[in-house]
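Reader: I have a model open and some plain questions about it. Can we go through them one at a time?

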Amino acid sequence: MPLSTKGISHQIISSLITFKIENLGTINDCKIVINHLIRKFSEPLEKEGLQKKYISKLVIDQSKAIKEHLFPVNEIMNHLLAMPLTENKDVLANTVHAYLENALILVYVTKDEDNQLNKFGFQRNMPTEYSDPKSPLYGDVWARYKCSNLFSNIIE
């Protein structure tokens with residue numbers, strides 16, 4: 001039976017509650033579960049036709065392209081870990097669902113472009129400009145592509 005985005009959202013909340021409120025397990029236990037569930041969320045999202053995707057104009061064969069998340073999974077996970085758990089489970093799960101639906105955007109890039117993201121240190125993290133209110137890239141989900149000179153290659 002296939003996974004559902006609603007079910008995955010509830011599992012993420014359950015993991016957060018287990019660690020943060022019930023004090024069971026370690027932060028690493030929680031991160032591993034959440035990381036896996038974030039990645040699994042894309043499967044039903046894609047089947048439902050709701051997965052947002054972009055592609056580099058340098059990609060010739062999409063089947064050989066590297067599938068990158070626009071916003072790194074590590075950053076998404078950190079956002080979820082920082083989320084206050086003050087509402088009931090259904091409200092929290094709906095919040096997670098809405099967040100993941102908007103955050104899990106895929107970008108298909110070439111191996112060279114993927115290497116360039118890694119060279120700039122953006123494989124798992126956003127550039128500091130993303131979090132700097134004084135930067136023109138503050139809050140810009142494309143910040144790591146812009147800082148690594150790849151943004152001009154991306155098309156919808």
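Reader: Which residues of H2 are buried?
Author: The buried residues of H2 are Cys30, Ile34, Asn35, Leu37, Ile38, Phe41, Ser42, Pro44 and Leu45. Buried means under 20% relative accessible area, exposed over 50%, partly exposed in between (1.4 Å probe, protein chains only). Helices (H or I, at least four residues) and strands (E, at least two) are DSSP runs, numbered from the N terminus.

Reader: Before I go on, what are the ground rules?
Author: This is a predicted model: local features need pLDDT of at least 70, side-chain atom pairs count only at pLDDT 80 or more, and totals for chains, interfaces and linings use all residues. Residues are numbered from 1 along each chain as its sequence is written, and side-chain values use heavy atoms, with hydrogens and water left out.

Reader: What do the buried residues of H2 pack against?
Author: They pack against helix H1 (5-20), strand S2 (66-69), helix H3 (73-82) and helix H4 (89-103). Contact means heavy atoms within 4.5 Å.

Reader: How do H1 and H2 pack, at what angle?
Author: About 170°, with their axes 9 Å apart. Axes are lines fitted to C-alpha atoms, for helices over the stretch in contact, and angles run from 0 to 180 degrees between N-to-C directions. H1 and H2 are therefore roughly antiparallel to each other; the cut-offs are under 35 degrees for roughly parallel, over 145 for roughly antiparallel, 65 to 115 for roughly perpendicular, and oblique for the rest.

Reader: And what comes just after H2?
Author: Gly49, which takes a positive phi of about 75°.

Reader: Switching topic, how many disulfides?
Author: Zero, counting a disulfide as a pair of cysteine sulfur atoms within 2.5 Å. Cys30 is buried, with a relative accessible area of 3%, and Cys147 is buried at 18%.
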